[in-house]
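Take a look at the model below. We will walk through its domains and some of its helices.

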Amino acid sequence: MPLADLYGQTLARERLLNMVVRNRVPQTLLFAGPEGVGKNLAARMFAQALSCRQRVDGDACGSCPACIQIERKLYPDMLIVTAEKQQIKIGQVAEIREFISFAPLVGERRIVIIEDAHKLNNVAANALLKTLEEPFPTVLFILLSHRHSLLLATILSRCLLLPFVSLHKAVVVEILEGLELASEYGEITAAGIADAAAWSGGSMGRALFFLREENLLWFSDFIGKFSRLPQATLSQALDLAEMAAQFKEREVLFFIMRSFLHDTLLAARGLYGSMREDDMRIETPFWSEAVLAFAALPESLLMSIRHRLSAVEKAQGINVNLRLAFDAVFSSIVTGRDKIQLAGVL
Ligand SMILES: [Zn+2]
């Protein structure tokens, strides 16, 4: 696919096309931005535009052998590196070194795409750094990351950073409408697409997730219960903590909780609803009602919940017991309310 078909990333698209047209391509690019907004796709589109044998207006044709091989991830001058078991390890960096030690086979350059580059472990990151420090005139590295602040500063300083942004809801709807979804998702209604786009927060990955009705129902149930925690009993809070801890799609779970706390803080400050121009936020009547209900808690307690949830999110993966962590945060909403009531503030 040509770069012209990259939806919702005007700035990144224009800069990439400009590099192709002027044939000025840096050795290392970093595509940074949220998950599911087109970074992987853009990397392959850029590889196509650079490698295409019959460019049209400085963009990929989409039909020559290079374009087709890149689309199918079978192009001999392209290597895609993906984390194995949540890590990119030294062996994979050794593969990269081997791959770039050979001249391009068919094109003008060899292209290395490193997905989720923040998953490089320490040893691998240092080995990659050494590689990036050497000049390779016929190699292009494209690092992709939704948490690029976790990359070594020394690696970051070697990259030209291209920011990717959350997709506008209308763009999410447009993409969903253009996809062949029936075989995997069954009958999709316009309302289903609108809901998925509303809950996606501008990420295609999450939009596809919320296209499944059971996921939408799970989160409606979860957010409904979460928003009622200020009136709940301790045992209801612990039940909800268990529900959250057992949920497999952690990225979505934390994203939704983060968005919810963000919105409740705005509401507590009387700003919710005045920020409607931000078309990437979650906004459904159900969501707004839940936000406004929860925002009755004092701002200091809301800040503390947000802070604690963000600490749990950062700690996942380093052996944190999620059940206990959620227990602590969710029950603090109940006990925090009690303390405040005792103090006569509420
Ligand atoms: Zn082509």
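Which residues of H2 are buried? They are Lys39, Ala42, Ala43, Arg44, Met45, Phe46, Ala47, Gln48, Ala49, Leu50 and Ser51. A residue is buried if 20 or more other C-beta atoms, placed from the backbone, lie within 10 Å of its own. Helices are DSSP runs of H or I with at least four residues, strands are runs of E with at least two, and both are numbered from the N terminus.

This is a predicted model: local features need pLDDT of at least 70, side-chain atom pairs count only at pLDDT 80 or more, and totals for chains, interfaces and linings use all residues. Residues are numbered from 1 along each chain as its sequence is written.

Stay with H2. Because 11 of its 13 residues are buried, H2 is largely enclosed by the rest of the structure. Its buried residues pack against helices H1 (10–22) and H3 (65–71) and against strands S1 (28–32), S2 (78–81), S3 (110–114) and S4 (139–145). Contact here means C-beta atoms, placed from the backbone, within 7 Å.

Now find H13 (residues 250–268) and H14 (residues 285–294). Their axes, lines fitted to C-alpha atoms over the stretch in contact, come within 8 Å and cross at roughly 60°. Phe260, Asp263, Thr264 and Ala267 in H13 meet Val291, Leu292 and Phe294 in H14.

Last, step back to the domains. The assignment, automatic or from a database, gives domain 1 (3–163), domain 2 (168–199 + 206–211) and domain 3 (214–342). The centres of domain 1 and domain 2, taken over C-alpha atoms, are 28 Å apart.

How values were computed. A residue is buried if 20 or more other C-beta atoms lie within 10 Å of its own, exposed if 12 or fewer, and partly exposed in between; C-beta atoms are placed from the backbone. Two residues are in contact if their C-beta atoms, placed from the backbone, lie within 7 Å. Axes are lines fitted to C-alpha atoms, for helices over the stretch in contact, and angles run from 0 to 180 degrees between N-to-C directions.
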